[in-house]
Amino acid sequence: MPEVHLSGERVRSFLRGSVSAPEGRTFDTHRLTLEFRKVEWINEVLELFAQALRKGHFSSVEEVWLESGNTSWEELQSENPDGGVLSGGVSAFFRAVSDVKLGSLAYLSSHVPLTNDHVVMLAEGVRKGNLCALASLDMSGCRGMGKEGTEALMGAVTDSESGDGMPPLEVLYLPETNAGEGGL
């Protein structure tokens, strides 16, 4: 399967097109990287990606990389000290992950601003068995992730309604978060 790496305006165009595609149309790709070059685009891109996930367009993707490009956490936070404009798109994405079965997803890298609430949504997806193939989770630099989110995620990893949880989880990478003293 091909790898798709999109940045700049191409991310928005691609996701707008995928959202307008008929439900059930699957984009077969091994690795999908969405790189945001402008802070103001992150919200829109993640909301579009959430809509595409809900329509089943990326149900077979194995790796998802959400990158904020060269935008630092400090820049993102200075634009949005309380989550602000970014919270809508990030929340939409993690609600979709909570609700949609992504049984092929083996790697998730999220380098966008997260709060404990977002991590709790991710944990709910784990608890439901929606991320049962996930082997590697990279949330490095997500400084809004703290004790509450970490506890919810770890509880979900070991205690899942479906019994699937995250049995193949091999790597949990959490440096530069408030989850503890670095990555595991």
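Reply: Two strands pair if DSSP finds at least two bridges between them. Helices (H or I, at least four residues) and strands (E, at least two) are themselves DSSP runs, numbered from the N terminus. In this predicted model, local features need pLDDT of at least 70 and side-chain atom pairs count only at pLDDT 80 or more, while totals for chains, interfaces and linings use all residues. Residues are numbered from 1 along each chain as its sequence is written, and side-chain values use heavy atoms, with hydrogens and water left out.

Me: Which residue of β4 does E63 stand opposite?

Reply: E63 of the pairing strand stands opposite Y107 in β4. Strand β3 (residues 63-67) pairs with β2 in the parallel sense over five bridges, and with strand β4 (residues 107-110), also in the parallel sense, over four bridges.

Me: How many helices and strands does the protein have, and in what order do the elements run?

Reply: There are six helices and six strands. From the N terminus on, the elements run β-α-β-α-β-α-α-β-α-β-α-β.

Me: In what order do the strands stand in the sheet?

Reply: In general, strands of a sheet pair through backbone hydrogen bonds, either parallel or antiparallel. Here six strands form an open sheet in the order β1-β2-β3-β4-β5-β6, and the pairing is parallel. The edge strands are β1 and β6 (171-173), each of which pairs on one side only. Neighbouring strands of this sheet are turned by 5 degrees against each other on average, direction ignored; the axes are lines fitted to C-alpha atoms, for helices over the stretch in contact, and angles run from 0 to 180 degrees between N-to-C directions. Y107 has S136 as its bridge partner in β5.

Me: What is the handedness of the crossover from β4 to β5?

Reply: A crossover is right-handed if, with the strands pointing away from the viewer, the path from the first strand over the helix to the second runs clockwise. The chain crosses from β4 through helix α5 (residues 116-127) to β5, and this β-α-β crossover is right-handed. Right-handed β-α-β units are also made by β1, helix α1 (residues 9-20) and β2, and by β2, helix α2 (residues 39-54) and β3.

Me: Is β3 enclosed or open, and why?

Reply: Buried means under 20% relative accessible area, exposed over 50%, and partly exposed in between (1.4 Å probe, protein chains only). Five of the five residues of β3 are buried, so this strand is largely enclosed by the rest of the structure. Both of its faces are covered, with E63, W65 and E67 on one side and V64 and L66 on the other. Strand β2 (residues 31-35) is mostly covered, as four of its five residues are buried. In β4, Y107 and S109 point one way and L108 and S110 the other way, and all are buried. Over the protein, buried residues make up 53% of the 184 residues.

Me: Where is E62, and is it buried or partly exposed?

Reply: E62 has its place in the loop between α2 and β3. With a relative accessible area of 27%, E62 is partly exposed. E62 and L32 are 30 residues apart in sequence and 8.2 Å apart in space, C-alpha to C-alpha.

Me: How many cavities of 30 Å³ or more does a search find, and which residues line the largest cavity?

Reply: Rolling a probe the size of a water molecule over the atoms shows where empty space is left. On a 1 Å grid over the protein atoms alone, a cavity is a set of points where a 1.4 Å probe fits but cannot get out, and lining residues have an atom within 4 Å of a point. Grid points are joined across faces, edges and corners, and a volume is the space filled by probe spheres set on the points. A search of the whole structure finds one cavity of 30 Å³ or more. The largest cavity has a volume of about 40 Å³, and its lining consists of F49, L53, V61, V64, F93, V97, L102, L105 and L108. The elements that give two or more residues to this lining are α2 and α4 (84-99).

Conventions
On a 1 Å grid over the protein atoms alone, a cavity is a set of points where a 1.4 Å probe fits but cannot get out, and a pocket is an open set with protein on both sides within 12 Å along at least five of seven lines; lining residues have an atom within 4 Å of a point.
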